[in-house]
Amino acid sequence: MTRLFAWTDGACSGNPGPGGWGVLMRAMDGTAILKERELQGGEKLTTNNRMELMAAIAALETLSRDTAITITTDSAYVKNGVTGWIHGWKRNGWKTADRKPVKNVDLWQRLDAAQARHDVTWAWIKGHAGHAENERADELARAGMAPFK
């Protein structure tokens, strides 16, 4: 059975500063890699959290049809936000529990819309811990940042 996976990462030199995002996508049948795709991009002035969000958005927006996908991120901000906090933010008109505007609301709304058409399983992994796919996503994020440094 073919399954789709994406490992995402963001990077920033300074916070804010030049930043990049990277995505490693794989279609797999068991442990066999059927197809692999890499995505990257960046911005001149951004934050690490924005780049983490952009990586997840890019993974979902690149899919041309409704898809079941597992997205693995090393960002607790993205994982906790998309699986928990976002529900309250939406109920509160994109305000936090203490009625302040949600930071990066433009990207949270874009991520919410992007995931709505897919069956997404979110997973978290510790970053910079030797996980090959996460390390590759980090390399892609740093490459995405390079033109803006």
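This is a predicted model: local features need pLDDT of at least 70, side-chain atom pairs count only at pLDDT 80 or more; totals for chains, interfaces and linings use all residues.
Colleague: Which order do the strands of the open sheet have?
Modeller: The order is S3-S2-S1-S4-S5, five strands with mixed pairing. The edge strands are S3 (32–46) and S5 (119–124), and each of them pairs on one side only.

Colleague: How much is the twist?
Modeller: From one strand to the next, the twist averages 20 degrees.

Colleague: In which sense do S1 and S2 pair?
Modeller: Strand S1, residues 2–12, pairs with strand S2, residues 17–29, in the antiparallel sense. Eleven bridges are involved.

Colleague: And S1 with S4, parallel or antiparallel?
Modeller: Parallel, over five bridges.

Colleague: What stands opposite Leu4?
Modeller: In S2, Ala27 stands opposite Leu4. In S4, Ile69 stands opposite Leu4.

Colleague: How many bridges join S4 to S5?
Modeller: Six bridges join them, and the two strands run parallel.

Colleague: How many residues of S4 are buried?
Modeller: Five of the six, so S4 is largely enclosed by the rest of the structure.

Colleague: What lies across S4?
Modeller: Helix H2, residues 76–91, lies across S4 (68–73) and S5. H2 runs at about 140 degrees to S5.

Colleague: Now the cores. Which residues touch the most other members in the largest nonpolar core?
Modeller: Val23, Ile69, Trp108, Leu111 and Trp122 do, out of 32 residues in that core. The elements that give two or more residues to the core are S1, S2, H1 (48–61), S4, H2, H3 (105–116) and S5.

Colleague: Which element gives the most?
Modeller: Helix H1 does, with nine residues.

Colleague: Why would such residues be buried together?
Modeller: In soluble globular proteins, nonpolar side chains tend to be buried together.

Colleague: What does Trp122 touch?
Modeller: Leaving out residues up to four places away in sequence, Trp122 touches Ala56, Leu60, Ile71, Val78, Lys79, Val82, Thr83, Leu111 and Gln115.

Colleague: On to helices. How many residues has H3?
Modeller: H3 has twelve residues. From its first C-alpha to its last, H3 reaches 16 Å, close to the 16 Å expected at 1.5 Å a residue.

Colleague: Which residues of H3 are buried?
Modeller: Leu107, Trp108, Leu111, Asp112, Ala114 and Gln115 are. Seen down the axis of H3, these buried residues fall within an arc of 165 degrees, so they line one face of the helix.

Colleague: Why can residues in a helix point the same way?
Modeller: An α-helix has 3.6 residues a turn, so residues three or four places apart point the same way.

Colleague: What does the face of H3 turned away from its buried side carry?
Modeller: That face carries the exposed residues Ala113 and Ala116. The cover over the buried residues of H3 includes H1, H2 and S5.

Colleague: And H4, how far apart are its end C-alpha atoms?
Modeller: They are 20 Å apart. H4 (residues 132–145) has 14 residues and should span 20 Å at 1.5 Å a residue, which agrees.

Colleague: Which residues of H4 are buried?
Modeller: Glu133, Asn134, Ala137, Asp138, Leu140, Ala141, Gly144 and Met145 are buried. Down the axis of H4 they fall within an arc of 160 degrees, so they line one face of the helix.

Colleague: What do they pack against?
Modeller: The buried residues of H4 pack against S1, S2 and S3.

Colleague: Last topic, S3. Is Thr46 buried or exposed?
Modeller: Thr46, in strand S3, counts as buried because its relative accessibility is 3%, and buried means under 20%. Leaving aside neighbours within four places in sequence, Thr46 is in contact with Cys12, Asn15, Pro16, Gly17, Pro18, Gly19 and Met51.

Colleague: What is the relative accessible area of Glu38?
Modeller: Glu38 also lies in strand S3. The value for Glu38 is 36%, so Glu38 is partly exposed.

Colleague: Which residues does Glu38 touch?
Modeller: Not counting residues up to four places away in sequence, Glu38 touches Val23, Leu24, Arg136 and Leu140. Glu38 and Trp7 are 31 residues apart in sequence, and 9.8 Å apart in space from C-alpha to C-alpha.

Note on methods. Residues are numbered from 1 along each chain as its sequence is written. Side-chain values use heavy atoms; hydrogens and water are left out. Two strands pair if DSSP finds at least two bridges between them. Helices (H or I, at least four residues) and strands (E, at least two) are DSSP runs, numbered from the N terminus. Axes are lines fitted to C-alpha atoms, for helices over the stretch in contact, and angles run from 0 to 180 degrees between N-to-C directions. Contact means heavy atoms within 4.5 Å. The expected span of a helix is 1.5 Å times one less than its number of residues. Buried means under 20% relative accessible area, exposed over 50%, partly exposed in between (1.4 Å probe, protein chains only). The arc is that of the directions from the helix axis to the C-beta atoms. A nonpolar core is a set of buried Ala, Val, Leu, Ile, Met, Phe, Trp, Tyr and Cys residues joined through side-chain atoms within 4.5 Å.
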